[in-house]
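Please walk through this structure with attention to its charged side chains, its sheet and one of its helices.

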Amino acid sequence: MDDKSDRPGLQDGVSDSERERALERLRAAAVEGGLTFQELVARTGRVHAADTPLEVEVVIGDLPATPSRVVPASPGRRWVVAVIADERLTGRWTTPPRLTAVAVVGDVIVDLREATVRGEQLSIQATALVGDVFVLVPPGATVEMSGVAVLGHKKVAVEPAEYTLAVPVVRVSAVTILGDVIVATQLPKSRIKSAWARWKNRKAVDSI
């Protein structure tokens, strides 16, 4: 039996070039759809924390040695619309290159943490009209937000990590009117209640 621990060099320290090659294999696997967002985060952390080449090999040993760089086909755009209701995309799912989330007197939750994000970027058009759009990402995710907020908020509240993920880049274009578009690591517990319920509660208080 081949004992990897007896191979020369596998117990030595990890060089910068070895670590970067491992990280590149992780990035390539994620782009091809072989790793979920959360798996990419976890393995990236393990590569950064590795003290020996053997520990690095354990992290990437099940990945293709020479990634094909061919990204599997996926739908061009996906819509998630909440009208006086809540809509969620959670769990293990595959994102399209572009996603449109619209919340009208309701909430939309797009949870990318266990999703497979194919490609080097994901573009999200988020529109919140008296409602909220929440995009959930793992710690260390790279997020770019643009857009306009009218009597509402657009906010990035991603928990930091010791490293920053190069891919995928989550680009959010936000339009909010009396609503919020928030990119965060965790869903705020106080915001789980829908905008419709919050509006009804305010009306009830005003009528007293």
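Asp111 is buried, with a relative accessible area of 9% (buried means under 20%, exposed over 50% and partly exposed in between, with a 1.4 Å probe and protein chains only). The side chain of Asp111 meets that of Arg113 in a salt bridge, 2.7 Å from N to O, where a salt bridge is a side-chain nitrogen of Lys or Arg within 4 Å of a carboxyl oxygen of Asp or Glu. This is a predicted model, in which local features need pLDDT of at least 70 and side-chain atom pairs count only at pLDDT 80 or more, while totals for chains, interfaces and linings use all residues. Residues are numbered from 1 along each chain as its sequence is written, and side-chain values use heavy atoms, with hydrogens and water left out.

By this rule the count comes to seven salt bridges. Arg43 and Asp62 form one of them, with their closest N and O atoms 2.8 Å apart; this pair links distant parts of the chain, since Arg43 is in helix α2 and Asp62 in the loop between α3 and β1, 19 residues apart (helices, H or I of at least four residues, and strands, E of at least two, are DSSP runs numbered from the N terminus). Arg43 counts as buried at 16% relative accessibility, whereas Asp62 counts as exposed at 56%.

Turning to the sheet, five strands form an open sheet in the order β2-β4-β6-β10-β8, with parallel pairing (two strands pair if DSSP finds at least two bridges between them). The edge strands, β2 and β8, each pair on one side only. β2 and β4 pair in the parallel sense over four bridges, and Asp86 has Asp107 in β4 as its bridge partner.
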